[in-house]
Amino acid sequence: MLQIAVINKSTAISDADVKKMIPAFSTQWNTDLKSVWNVGDAAFTFHAKEKAPASDSWWVVFFDEPGQAQALAYHDLTNEGLPIAKVFVKLILADKFSVSVAAAHEICEMAVDPWLNNAYEDPEGAFWASEVCDPVEDDEYAYKIGGILVADFVTPNWFRHEHTKGPIDFDFGRHAHAAFEVSTGGFAQKFDPKSGWKQITGAKAKKTVRGANPPVGSRRERRARGRKKWTRSGAKWG
């Protein structure tokens with residue numbers, strides 16, 4: 001079974017609060033996300049700052065902001081070259097968003113597209129990045145698992161032809177109404193063969209720090225930068 005290490009390097013959230021979120025992350029991955037995207041089972045474990053995670057584990061790391069992640073040598077992959085999800089707590093709080101929703105967002109997207117190399121073609125020939133939470137990014141679309149808010153996510157139907165009809169769920173919470181529809185609080189990346197990557201941003205998302213400018217080290221920034229420029233982390237323990 002896939003092992004996921006949850007690590008808290010942030011000064012803006014306590015270890016206790018992070019630990020409270022983990023059962024909800026586990027249920028969402030192993031039940032909700034699995035039922036829609038057929039992801040494999042995963043076990044989440046909280047790791048104290050001084051304890052090294054298992055070498056074959058993926059990481060979910062809470063930081064204050066991107067600069068802290070870089071200063072601590074957490075880069076684009078784990079020390080062993082495996083997927084890593086970053087949660088920038090102070091940026092999230094500055095946007096007045098839920099930290100648990102933002103963390104669940106990163107975890108869901110890492111589950112579905114861990115290497116940031118999946119995309120779906122639309123009828124016009126553009127390719128949309130397989131970021132399953134971005135289009136419905138907003139606390140108003142979140143739902144609770146055991147009292148913890150987690151992110152909504154789109155289904156494979158969201159990436160289908162724009163003229164798809166019938167009783168189809170485009171996202172888990174049934175907020176989206178059509179394929180390739182981006183909510184006012186959401187965004188999406190699409191690649192045009194002629195002009196490259198472009199971000200589609202909802203009106204509400206344009207007013208947020210994270211929506212307007214993808215933080216360095218975030219999935220959107222890493223995808224645009226390209227895997228050839230990714231580096232492994234050099235995090236130290238103990």
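Here are some questions and answers about this predicted model.

Me: How many helices and strands does the protein chain have?
Reply: Happy to start with the overall fold. Going through the secondary structure of the protein chain, the tally comes to six helices and 10 strands.

Me: Which radius of gyration does the protein chain have, and why does it count as compact as a globular protein of that length?
Reply: The globule rule gives 18 Å for 238 residues. The value for this chain is close to that, so the chain is as compact as a globular protein of that length. For a view by axes, the C-alpha trace spans about 55 × 40 × 35 Å along its principal axes. The radius of gyration itself is 17 Å.

Me: What share of the contacts between residues at least 6 apart in sequence joins residues at least 24 apart?
Reply: A contact here means heavy atoms within 4.5 Å. Taking those in the protein chain between residues at least 6 apart, the share that joins residues at least 24 apart is 65%.

Me: How far apart are the mean positions of the positive and negative charges?
Reply: The protein chain carries 30 positive and 30 negative charges.

Me: How many disulfides does the structure hold, and which cysteine sulfur is nearest to that of C108?
Reply: A disulfide needs two cysteine sulfur atoms within 2.5 Å. For C108, the nearest cysteine sulfur is 4.4 Å away, and C108 is in no disulfide. The structure as a whole holds zero disulfides. The nearest sulfur to that of C108 belongs to C133.

Me: Is C133 buried or exposed, and where is it found?
Reply: Buried means under 20% relative accessible area, and C133 has 0%, so C133 is buried. Leaving aside neighbours within four places in sequence, C133 is in contact with H105, C108, E109, A151, D152 and F153. Its place in the chain is the loop between β6 (127-129) and β7 (143-145).

Me: Which residues does V136 touch, not counting those up to four places away in sequence?
Reply: V136 lies in the loop between β6 and β7, and it is buried, with a relative accessible area of 4%. Its C-alpha atom is separated by 9.0 Å from that of E181, 45 residues apart along the chain. With sequence neighbours up to four places away left out, V136 touches Y141, D152, F153, V154, D171 and S183.

Me: Is Y120 buried, partly exposed or exposed, and what is its relative accessible area?
Reply: Y120 has its place in strand β5 (residues 119-121). Beyond residues up to four places away in sequence, Y120 touches W37, A126, F127, W128, S130 and F159. Buried would need under 20% and exposed over 50%, so Y120 is partly exposed, with a relative accessible area of 28%.

Me: How far apart in space are Y120 and K190, C-alpha to C-alpha?
Reply: Along the sequence, Y120 and K190 are 70 residues apart. In space, C-alpha to C-alpha, the distance is 9.0 Å.

Me: What is phi of A73, and where is A73 found?
Reply: A73 is a residue other than glycine, yet its phi is positive, near 65°. A73 is found in the loop between α2 (66-71) and β4 (84-88).

Me: Which residues does A73 touch, not counting those up to four places away in sequence?
Reply: A73 and S233 are 160 residues apart in sequence but 5.5 Å apart in space, C-alpha to C-alpha. With residues up to four places away left out, A73 touches S233, G234 and A235.

Me: Is L116 buried or exposed, and what is its phi?
Reply: L116 lies in the loop between α4 (99-112) and β5. At 7% relative accessibility, L116 counts as buried. Although L116 is not a glycine, its phi is positive, at about 55°.

Note on methods: Residues numbered from 1 in each chain as written. Predicted model: local features only at pLDDT ≥ 70, side-chain atom pairs only at ≥ 80, totals over all residues. Heavy atoms only, no water. Helix = DSSP H or I, 4+ residues; strand = E, 2+ residues; numbered from the N terminus. Rg over C-alpha atoms; globule rule 2.2 N^0.38 Å. Lys, Arg positive; Asp, Glu negative; His and termini not counted. Charge placed at Lys NZ, Arg CZ, Asp CG, Glu CD. Buried < 20%, exposed > 50% of the residue type's maximum accessible area, 1.4 Å probe, protein only.
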